[in-house]
Amino acid sequence: VNLGLFGGTFNPIHNGHLRAAEEACEALGLDRLLFVPAMLPPHKRNAELADADLRLRLVRAAIRGNPRFGVSAAELRRVGPSYSVDTLAEFRGRRGTERLWFVMGADQFRDIRTWHRYREIFALADIAVLSRPPDTAMPPPPAELAGDLAPHAGGYRHASGREVRFVPITPLAISSTDVRRALREGRSIRYLVPEAVRRVLEQT
Ligand code: ATP
Ligand code: MG
């Protein structure tokens, strides 16, 4: 199985996530892509972070009907902060996984230097960097990794043999921050999120 993991807070999941995930599946030939909602994202303030169960429920509602999509509660089960490096290590050892991709938007890749044990991430999985407005190209990888990364097919090849690949996708400038703001201000979120998500959010 060619598996992709798409991490994030998904607070809440929106159509930018879903379209990005769909295009990542096509571009990378993924058999399966799992959304992995984070419990305590080390980089995010906890203010406004919707309850983990609600975020998980909304992801489930949003992906219903797409046979390639799934959700993993791996980071919600773990005690303490969720670190991608631990999640990747957990999935890498799974039976039947021929190739493991860590999928993220360009904004996340730009900050990867600040992640816990980030150097190991480059050796644990192939990394797919999806374009996200305003980024139309791959942000530069951490300078500390320069010696380990060689240019390769529009991205890089890591010394471990793993790949870092840039995947240009349809630009959709939707963010959870904007969805939360619209909700707070009583404005419409229709067509920013799937209907099933809108129905839950507009009544909570
Ligand atoms: P927030 O505004 O709360 O940060 P977000 O919209 O950035 O929310 P996240 O849960 O932080 O959503 O993102 C999860 C993953 O999805 C990240 O890798 C992020 O880069 C990617 N992503 C989110 N929105 C888009 C988008 N519109 N296009 C491409 N990638 C996206
Ligand atoms: Mg974000």
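Q: Is V103 buried or exposed?
A: V103 is buried, because its relative accessible area is 1%. Here buried means under 20% relative accessible area, exposed means over 50%, and partly exposed lies in between (1.4 Å probe, protein chains only).

Q: And what sort of model is this?
A: This is a predicted model, in which local features need pLDDT of at least 70 and side-chain atom pairs count only at pLDDT 80 or more, while totals for chains, interfaces and linings use all residues. Residues are numbered from 1 along each chain as its sequence is written, chains are lettered from A and ligands numbered from 1 in the order in which they are written, and side-chain values use heavy atoms, leaving out hydrogens and water.

Q: In which strand is V103 found?
A: V103 is found in strand β4. Strands (E, at least two residues) and helices (H or I, at least four) are DSSP runs numbered from the N terminus.

Q: What does V103 touch?
A: Not counting residues up to four places away in sequence, V103 touches G4, L5, F6, G7, A24, L28, L33, A128 and L130; contact means heavy atoms within 4.5 Å.

Q: Which residues touch the most other members of the largest nonpolar core?
A: They are I13, L28, L33, F35, F69 and V103, in a core of 32 residues. Such a core is a set of buried Ala, Val, Leu, Ile, Met, Phe, Trp, Tyr and Cys residues joined through side-chain atoms within 4.5 Å.

Q: Which elements supply this core?
A: At least two residues come from each of α1, β2, α2 (52-63), β4, β5, α7 (176-184) and α8 (195-201). Helix α1 gives the most, with six residues.

Q: What about I13, what is it in contact with?
A: Leaving aside neighbours within four places in sequence, I13 is in contact with L18, F35, L58, V59, A62, V193 and V197.

Q: How many residues are in the second core?
A: The second core is separate and has 27 residues, including L5, V85, I112 and A125.

Q: Changing topic: how many aromatic pairs are there?
A: A search of the whole structure finds seven aromatic pairs. Rings of Phe, Tyr and Trp (its six-membered ring) pair if their centres lie within 6.5 Å; planes under 30 degrees apart count as stacked, over 60 as edge-to-face and the rest as tilted.

Q: Why does the pair of F6 and F35 count as tilted?
A: The ring centres of F6 and F35 are 5.7 Å apart and the planes are at 55°, so the pair is tilted. F6 belongs to strand β1 (residues 2-8) and F35 to strand β2 (residues 32-37), so the pair ties together parts that are 29 residues apart in sequence. Both are buried: F6 has 7% relative accessibility, and F35 has a relative accessible area of 0%. Ring pairs also link F6 and F35 with F10 and F69 into a cluster.

Q: In what order do the strands form the sheet?
A: The order is β3-β2-β1-β4-β5-β8-β7-β6, an open sheet of eight strands with mixed pairing. Two strands pair if DSSP finds at least two bridges between them. β3 (69-71) and β6 (149-152) are the edge strands, each pairing on one side only.

Q: How many bridges join β5 to β8?
A: Four bridges join β5 (residues 126-130) to β8 (residues 163-167), and the two strands run parallel. V129 has F166 as its bridge partner in β8. Four of the five residues of β8 are buried.

Q: And how do β7 and β8 pair? Which residue in the turn has a positive phi?
A: β7 (residues 155-158) pairs with β8 in the antiparallel sense over two bridges, and R157 has E163 as its partner. The two strands form a hairpin with four residues between them, and G161 in the turn has a positive phi of about 100°.

Q: Where does helix α1 pack?
A: Helix α1 (residues 15-28) packs on the sheet, touching β1, β2, β3, β4 (99-105), β5 and β8. Its buried residues are G16, H17, L18, A20, A21, E23, A24, C25 and L28. G29 follows α1 and has a positive phi, near 65°.

Q: How many residues of α2 are buried?
A: Nine of the twelve residues of α2 are buried, among them R55, L58 and A62. The buried residues of α2 pack against α1, β2, β3, α3 (74-77) and α8. After α2 comes G65, with a positive phi near 95°.

Note on methods. Axes fitted to C-alpha atoms, helices over the stretch in contact; angles between N-to-C directions.
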